[in-house]
Structure formats: structure tokens, C-alpha cells
Amino acid sequence: MYHFTALVTLLAIAFYFLTCINVSRLRSKTGVKVPAMSGHPDFERAFRIQMNTLEWMPIFLPALWLFAVYIGDSIAAAIGAVWIIGRIVYFIGYSKAAAKRGPGFAIQGIAAIALWAGALGAVVLRLV
């Protein structure tokens, strides 16, 4: 069973849901009417946080699960937790200013690459 990986998956989805709520909150707060996707810098940053998180989910989630299956549940979950921490750092930094998004992006990017590379390596080793 992959309990830790499942928990990290659910936490990642909960974080994404939080970004959706934040976009809705800022749409109301800043007066950006549907279907507009721009108009106020705070709203635009919140929207980019949500979209960037969504853009990374198809990279992160399969890599997380393949890593768990081929290498191990606990290690996959630990690296997955680092990915979530990176997304939180990204959220906090980017919410303040676009220039502050770099550290969180780097953390989550490194975690995602580690999961992908680990899964790829483990699959290749089993094929040879």
C-alpha cells in the first residue's frame, strides 16, 4: 500500500483547491468580473499561481506515483512533501511580488525533477 504517497497526493490537491479559492476571493476583492482574466495585479498574480500549479500537476503526480511504485512510498512522499512546500513558498512569494516567486519555483522544480529522474532510472534499471 502507498499510504504516504496517497496522503501527499491529497495534500497537493488540497493545495491546488486553496489556490482556486484564492483566485475567487481576489476576483471579488479586486472587482475583476467574469470572464476577464486580467485587470488588477493582485488578481493576476493569484491567477498565475493557480495556473502554474495546475501546469505542474501533470508533471508532479505521475512522477510521484511512479517513484513510489518503483522506489518506495516513504521516499516518494518525502520528496512530494518538499514539492508542496515549494508550492507554498511560491504562493507566498508570488502573492507579494512576481520577483519573489523564484525560490519556491526552484524548490518545487527540483523536487519534481528528482521524482521524475528517480522513476525513470528505476524503470530503465528494471528493463535492462
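This is a predicted model: local features need pLDDT of at least 70, side-chain atom pairs count only at pLDDT 80 or more; totals for chains, interfaces and linings use all residues.
How are α3 and α4 oriented to each other, roughly parallel or roughly antiparallel?

Residues are numbered from 1 along each chain as its sequence is written, and side-chain values use heavy atoms, with hydrogens and water left out.

The chain has 4 helices and 0 strands. Helices here are DSSP runs of H or I with at least four residues, strands are runs of E with at least two, and numbering starts at the N terminus. The C-alpha atoms fill a box of roughly 55 × 25 × 20 Å along the principal axes.

Take helix α2, residues 41–70. Its 30 residues should span 44 Å at 1.5 Å a residue, and its end C-alpha atoms are 43 Å apart, which agrees. The expected span is 1.5 Å times one less than the number of residues. Yet α2 bends by about 40° at M57, and a proline, P58, follows within four residues. That bend is the angle between axes fitted to the seven residues ending there and the seven starting there.

Now back to the pair. The axes of α3 (residues 73–96) and α4 (residues 102–127) come within 7 Å and cross at roughly 160°. Axes are lines fitted to C-alpha atoms over the stretch in contact, and angles run from 0 to 180 degrees between N-to-C directions. So α3 and α4 are roughly antiparallel. That label needs an angle over 145 degrees; under 35 is roughly parallel, 65 to 115 roughly perpendicular, and the rest oblique.
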